[in-house]
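Good morning, and thank you for coming. Please look at the sequence and the structure on the screen while I speak.

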Amino acid sequence: MKAGPCTRHIMPAPLLAYIISFLLFSIFASAGEVKLAWDPNTEPELKGYRLYYGTASGQYKTILDVGNITTYTIKDLPAGTYYFAVRAYSADIESAYSNEVSATISGDITLTTNAPEIALFTDAETNTRVTQATTSQADRRPNRNRSRNISGNRAFPGESVSTIKKEKRDLALPRLSAAKDMLGENTMTGLALVNVDSKPASITLTSMDNNGKLTAGEEITNPVIQRLNPGNQLALFDWELFGNGISRYSSNGWIKLENSASDLNGFFLIFDNDLNLMDGANLAGAQLTDCVFSEIQENGANWISVINNNPYNTNVSFNLVRADGTIRRSRTRLVAPNGSLSLEIFRDLFAGTEPHATDYVSIKSGKGVQSFQVMRQKSGDIAILAGQDPASGATRLYAPQYVIGGAADTDLSVINLDARAGKVTFRLIGEDGVQMGATKTLAIPARGKLHIADPGFFLISNSDAIKTGYVEIASNGIRLGGSIVFRDRNGETFISALTLISTLQNSVLFAHLPSTDSFYTGLAILNPNPDDAVVSIELYSANGIPIDIKSELISAKHSVTRLLTEFFPSLNGKNQVSAYLKLVSNQAIAAFALFGTTSLSVLSSIPPH
C-alpha cells in the first residue's frame, strides 16, 4: 500500500492546568452591571486572565484582558442575556475556557454554570428569584443554595433543586447541488449522526434552498423525521432521507437538523459516484458573527457556503485578506431569512482577482451564521473546512500529523487573529517525542497569515523517504488559528484539510469511521502531557453495540498513529461501513482521523468532536 497521510503520527501540547471554578458574586440588574469572580490559579508562570463574553452561548465577541485579578465588573450592559467565560494565560500559553456562566439583565436574574454548586450574591431584595442551571447533561439534583444579598441574608434558605440542562443547538450542513461546474454531475451528500445523550433523539431534517424556501419537487419528502436511540448512529445518503428527487434538485441550499437531544454529534461527506472527489466536515452548530477561512486553492475552485439559520435577513461582509493583514478586496451580500449563499470566491465575489495561497478570507455578519468552504484542486479531489471562530484562537496550536516525502505534501496555514504583530515558532517532532530538524521562528503581521508549503521547511528529505511527525506551533502571546492540508505531490488527485488543534480533551468522538477492503482509515492519538495516558479506544456499531475495545498506553509527550485495522485486527477482511469511535483517556489528548481509497485517489478528513 502506498504511504499517505495518517499512516503514522499526531499532537497538541500541554496547556496550563488552569481552569477555573467560576463564581458569580454580584448582578446589578437595574444598572446593567455584572460582577464576576473566579478561583485564583497558583502556577508561578501565571500572568493574568482574559474575560470573554457575548450574547450567545459559546460565542464571545468581546475579550477583556483584566490582568492578574480574580474579580471584574462589567458596566452599562443593555437588557439581555450574557454568557461569560475566563481563560488564564502565561507569557506564551493560554488555557482552555473555564466553564460558562450566564446572567440575564432584567427583573429576574439567571446564572448558568458547569459547577453543580455556586455562590451567588446579589444587590437585589431577598425575594428576587435566582435561577440556577448547569450546561451538563439534563438532570435534577438537590444542592445547597448559597445565595445571599449584600447584607449577608440568604435569599432562598435551605436546599433547592437546580435543573441541570445542556443547551440544544440546531445543526447545519451545505447542499451544493448547483455547483456542478466544480463538483460534477454525480455528487451526493452522506450524513452520519451519533446520539451520545441518555435519551432518544427525535431529529427533524429540513432541506432549504438559498432563498429560505423548502426544497420541493417530485419524489421529494421534506421535512423528514428520524428517531435515534441513545448510543446509536444514523448513516444515510441525502436521497435516502428526502427521496430520489433530491438528487435532481438543481439549486444550492442547506440542510437543517433540529433535535430533541442535547448531545447530538454529526459529520457529513460530499463525494461522487466515481470517487474522483471526497471530503467531509463536522456539522456546524455555533452561529458566528465573525469567522475565518485560512485556505485558498490557487489552481482550482474555492466555494464558500454561508447559512443564515435565522428568521430575518442578514448582511454578510467578505474580506479577502493579504498575508500582511491588509484587506485586498471586500464585498457585502444579503442572505435571506433561513436562506444561504453559495459562492465561488474568485468568480462570484472577487471576479478578476488572482487567487493567492498566502491570502485568506474573513467573514463578518450582522447575525450569527454557519459557514463552510469547499476547495477543489484542478479536476481532482476536494477539501472542506468549517469556518473558524476567531474567539477560539490560542497561543499554541498543533498539527497532529505532518508528512514529508513519498506521495504526499503537507501545507500549513497560520493566521494571527489579533490586531498586533507577533512571532510564531514551528517545531516538527517525531512520534517518539524527538524533534526533527531545526526550530523555525517567523514574524507575523497583525491579522496576517503564514503559509508553509515548502517540503524542506523543517528538513531536506529524499522524495522517496517518508518521514512523519507532528508540528507544535507557538506564539509570543498573540492568538492563532489555522489549518493543515494534505495533498498529493502533483496537486492533481487527493487533498484533505483539517483545522489545527488548540484544545485537548479527555473524551473524543468520531461520528463515522469506516473500514473496508477499498478504503483505509488512519487514527492518530497524541498525549502531550508530562504523565503517561491510558486511552480506551472504543469502536461501536450503528446500534451502539461495542465491536471492539482496546486499551492503549501512550507515553508522556508521545503519539500513536496506526491504521484502524492495526488497532483492531478483527476488522481485517470485513466491510465495516457504519461505525463510530470513542476515545476516553485519563489525560487530555488530541486526535484526528483520515480515510481514503487504498489507491489514494481521494482522501477525507474525519474531524473530532
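Let us start with F268. Leaving aside residues up to four places away in sequence, F268 touches L173, P174, T189, G190, L191, D279, G280, A281, N282, L283, F372 and I384, where a contact means heavy atoms within 4.5 Å. This is a predicted model, in which local features need pLDDT of at least 70 and side-chain atom pairs count only at pLDDT 80 or more, while totals for chains, interfaces and linings use all residues. Residues are numbered from 1 along each chain as its sequence is written, and side-chain values use heavy atoms, with hydrogens and water left out.

F268 also belongs to a nonpolar core. By that term I mean a set of buried Ala, Val, Leu, Ile, Met, Phe, Trp, Tyr and Cys residues joined through side-chain atoms within 4.5 Å. Buried means under 20% relative accessible area, exposed means over 50%, and partly exposed lies in between, with a 1.4 Å probe and protein chains only. The largest such core has 36 residues, and those with the most contacts inside it are L191, L193, I203, L205, L257, F268 and L283. Strand β16, residues 201-209, gives the largest share of this core, 4 residues. A second, separate core of 35 residues includes F510, L539, Y540 and V602.

I have just named a strand. Helices (H or I, at least four residues) and strands (E, at least two) are DSSP runs, numbered from the N terminus. The chain has 4 helices and 43 strands. Of its 609 residues, 57% are buried.

Where does β16 sit? It is part of an open sheet of 4 strands in the order β14-β19-β16-β17, with antiparallel pairing. At the edges stand β14 (171-175) and β17 (224-228); each has a single partner strand, so one side of each is left without a neighbour in the sheet. On average, neighbouring strands here are turned by 25° against each other, direction ignored. Such angles are taken between N-to-C directions and run from 0 to 180 degrees, with axes fitted as lines to C-alpha atoms, for helices over the stretch in contact. Two strands pair if DSSP finds at least two bridges between them. Between β16 and β19 (residues 253-259), which run antiparallel, there are 7 bridges. Within this pairing, L205 stands opposite L257 in β19.

Strand β3 (residues 48-54) is joined to β4 by 5 bridges, and R50 has D65 in β4 as its bridge partner.

Is strand β2, residues 33-38, enclosed or open? Of its 6 residues, 5 are buried, so β2 is largely enclosed by the rest of the structure. It pairs with strand β5 (residues 71-74) in the antiparallel sense over 4 bridges, and A37 stands opposite T71 in β5.

Next, the aromatic rings. Rings of Phe, Tyr and Trp (its six-membered ring) pair if their centres lie within 6.5 Å; planes under 30 degrees apart count as stacked, over 60 as edge-to-face and the rest as tilted. The structure holds 10 aromatic pairs. In one of them, F426 and F457 have ring centres 5.7 Å apart and planes at 85°, so the pair is edge-to-face. F426 lies in strand β31 (residues 422-429) and F457 in the loop between β33 (449-452) and β34 (467-475), 31 residues apart. F426 is buried at 0% relative accessible area, and F457 is buried at 12%. Together with Y402 and F458, these two residues form one aromatic cluster.

Finally, T410. This residue is in strand β30, residues 408-416, and counts as buried at 4% relative accessibility. A polar atom of its side chain lies 2.9 Å from the backbone oxygen of V403. Apart from residues up to four places away in sequence, T410 touches Y402, V403, I452, I484, V485 and F486. Y402, as we saw, is a member of the aromatic cluster.

Thank you for your attention.

Key: Polar contact = N/O pair within 3.5 Å; in protein donor to acceptor, adjacent residues only side chain to side chain.
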